[in-house]
Amino acid sequence: MKPKVLRSTLLQRGIPVPHVFSLRDTSLPGFGNASFLSGERAEVLQFRKNILRESGLSIDRLTLAFQEHGAQVLRVETEQAGRGSMNHDECLGPADGLMTASPGVAVGVLVADCCCLLMADLNGSAVGAIHAGWRGTQSGIAMNAVRSFQAEFGVPAPSVRAWISPSISAEKISGGRGSLEFDQGPMGRGRLSAQRPLAD
């Protein structure tokens, strides 16, 4: 059975970079969970491979970070490709955003109820995957990513495009006893978003 995925029209037609955003799927083992922290290793690996294959991406090139709901964005080089894809202990970071201009390197983030921003420059030669929860958003991770595109790749802010994934809605958040309670709804835990730049 094919996994459920979303794709950005902007990133498919306007800037045709390979990308994928997975959805929770109750028909799959582990419900389509992509996180080692909340799923069985074998199921997570198989799901990651299937999701990435859907967009022509390879698990051995997928690079992930140890996410901490912050505003740190890291640049990924060719020699770092694959870090965190097969083993959580090998993740880069800590960081909540990864970007690369290295052909063949895929960057990704895991989200449950947070937003993912998939970013690319106008010609698809630089890409980024950003985990933007409320803490990271409040800390300015989106602007950090745009500034990083300019500082690292020379891409001016008007030339950066971003696709914002679905996330939890205000109707699904309720406060109580000093904490927030979340209804995960159809999106679920451990969704994977990944993309790689176009080859030269």
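Mentor: Strands (E, at least two residues) and helices (H or I, at least four) are DSSP runs, numbered from the N terminus. This is a predicted model, where local features need pLDDT of at least 70, side-chain atom pairs count only at pLDDT 80 or more, and totals for chains, interfaces and linings use all residues. Numbering starts from 1 along each chain as its sequence is written, and side-chain values use heavy atoms, leaving out hydrogens and water.

Trainee: How many bridges join β7 to β9?

Mentor: β7 covers residues 115-121 and runs antiparallel to β9. Met119 stands opposite Ala162 there. The bridge count for β7 and β9 is five.

Trainee: In what order do the strands of the open sheet come?

Mentor: Gly97 in β5 has Val73 as a bridge partner and Ile130 in β8 as another. At the edges, pairing on one side only, sit β4 (73-75) and β9 (160-164). So, with pairing needing at least two bridges, the order is β4-β5-β8-β7-β9.

Trainee: Which helix packs on the sheet, and what angle does its direction make with that of β7?

Mentor: The helix is α4, residues 141-153, touching β4, β5, β7, β8 and β9. Contact means heavy atoms within 4.5 Å; axes are lines fitted to C-alpha atoms, for helices over the stretch in contact, with angles from 0 to 180 degrees between N-to-C directions. For α4 against β7, that gives about 25°.
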